[in-house]
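This report describes selected local features, taken region by region. Please read it alongside the sequence and coordinates shown here.

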Amino acid sequence: SESQERMLIVVRAGREPEVEAVFERYDLHAMRIGTVIDEPVVRCRAGGELVCEVPGLALADEAPRYVLPQASPAGLEALRAVDLGAVAAESPSVTDLLALLGSPNARSRKPIWRRYDHMNGTNTLVAPGAGDPALLRVKGTPRAIALAMDGPSPARLGVLDPRLAAVSAVCEAAINVSCSGARPIGLTNCLNLGSPEPAEGYWRLAEVVGGISDACGALGIPVVSGNVSLYNETADGPILPTPVIGMVGLLDDRSNARPMAWREGDELWLLGELGDDPAALAGSEWAAVHGHPGGRPHLDAASVARVVELLTSAGALIRGAHDASVGGLAVALARMAIASGRGATVELPTSVAAWFGERVGRVIASVAPPDVAELTDLATHHGVAVRRLGSATGGMLRIGEAEASLAELRGAWETPF
């Protein structure tokens, strides 16, 4: 039988009582059921009688595979072939920024998280909206765990490329965790799709699973658990392919936790490529709001892995960090200004793609002016592109000639649902 309330844990020999004590504290039942042995075989007994003996590989690498016919949806290549070059080169405006900041996929989630106890156990170090991941202390140690949950930004990416949507979800979760300074160490997943029985449905499922595998291989992060939610369909068809990733990271010294905020006088730098090409608009929030479906998105998981390594090795060198995801760099700058309570003066190319293009693996980092050279040297060491954006100062967010007050930004971001 199956149950989502049962977990299998491997415990170091001799420490079983400690684990049992933790379970008892939370009124949970735990029982030793077996022992790891050197022989590559699984033996099960019931009432002292041997009821199962099977090679371990038969349950893992050599398990039978259930493969159905698959085919990509009709019209997909035509949708990917849509040219977004003209709209990518258009001039952006503050009006565009405020509208995007208040869009359903980018606005504040406070109406949702305020309904739940996010201070459970009094271990929460970073409140919702104050950092990219949640950060929880590990009592009795200087450590903290970072937790992030992400899906493709937004799920429309799954229509254009389900595999890339899964890669994006894994990479964004890893980037969010590492923005706090924590090292990503494992993930779980929930694959939300329609029926896998039609050829198109099975293709989407296979692509999503393949994308998670691709990203985990590039990042060196294991999948420790997961589940699926399939057959999500209505008379109008299946839901958008939406893989959701839960990522956990470890921060050895929580006193070095990195906020999603800059300080007055900080230098602001972009870690990762600028991503101001038409591909960055494919499946983006800006494209959806303005009625531009289609395009061919792009993401290099290996480059994201290098940014993750840079973020986890930089320590206190980086004062604040925030990834550019839904809404692109301009929305990320606005979010960071709101969290910081102070403005910034920034220079970006004057194009819609530069302001609102979306590609995982770009992080806005704030650093003290004397430490800029050390940051750029470290980025070179890790093979990460860096670009100076500007500096944190005043009460306005200025991007080139455009400007918006913190009150305007916050008002748009807090648009009610």
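Arg80 is buried, with a relative accessible area of 13%, where buried means under 20% relative accessible area, exposed over 50% and partly exposed in between, for a 1.4 Å probe and protein chains only. The model is a predicted one, in which local features need pLDDT of at least 70 and side-chain atom pairs count only at pLDDT 80 or more, while totals for chains, interfaces and linings use all residues. Residues are numbered from 1 along each chain as its sequence is written, and side-chain values use heavy atoms, with hydrogens and water left out.

Arg80 belongs to helix α2 (residues 76-80); helices (H or I, at least four residues) and strands (E, at least two) are DSSP runs, numbered from the N terminus. A polar atom of the Arg80 side chain lies 2.7 Å from the backbone oxygen of Leu160. Once neighbours within four places in sequence are set aside, Arg80 is in contact with Leu160, Asp161, Trp203, Gly295 and Arg296, contact meaning heavy atoms within 4.5 Å.

Strand β3 (residues 124-126) and β4 run antiparallel and are joined by 2 bridges, two strands being paired if DSSP finds at least two bridges between them. Across this pairing, Thr124 has Leu136 in β4 as its bridge partner. Strand β4 (residues 134-137) is in turn joined to β5 by 4 bridges, again in an antiparallel arrangement, with Leu136 standing opposite Ile145 and Arg137 having Ala144 as its bridge partner. β4 and β5 form a hairpin with 6 residues between them, and in the turn Gly140 has a positive phi of about 85°.

Strand β5 (residues 144-150) has a covered face made up of Ala144, Ala146, Ala148 and Asp150, whereas Ile145, Leu147 and Met149 lie on its uncovered face. β5 also pairs with strand β10 (residues 242-251), in the antiparallel sense and over 7 bridges; there, Met149 stands opposite Gly246.

## Helix α13

Which residues of helix α13 (residues 372-382) are buried? They are Val372, Leu375, Thr376, Leu378, Ala379 and His382. These residues lie on the same side of α13 because they cover an arc of only 160° around the axis, the arc being that of the directions from the helix axis to the C-beta atoms. On the other side of α13, Glu374, Asp377, Thr380 and His381 are exposed.

The buried residues of α13 pack against β11 (267-271), α10 (301-314), β14 (363-367) and β15 (386-392). Just after the helix, Gly383 takes a positive phi of about 70°.

## Aromatic rings

The structure holds 1 aromatic pair. Trp355 and Phe356 form this pair, which is edge-to-face, at 5.9 Å centre to centre and with 75° between the planes; rings of Phe, Tyr and Trp (its six-membered ring) pair if their centres lie within 6.5 Å, and planes under 30 degrees apart count as stacked, over 60 as edge-to-face and the rest as tilted. Trp355 is buried, with a relative accessible area of 4%, and Phe356 is also buried, at 0%.

Elsewhere, Arg107 lies over the face of Phe417, at 4.9 Å from the ring centre, the criterion being that NZ of Lys or CZ of Arg is within 6 Å of the ring centre and within 35 degrees of the ring normal.

## The segment before α1

Arg6 is found in the segment before α1 (16-25) and is exposed, with a relative accessible area of 53%. Arg6 and Ala30 are 24 residues apart in sequence, and their C-alpha atoms are 9.6 Å apart in space.

Notes: A polar contact is a pair of N or O atoms within 3.5 Å; within protein, one must be able to donate a hydrogen and the other to accept it, and residues adjacent in sequence count only if both atoms are side-chain atoms.
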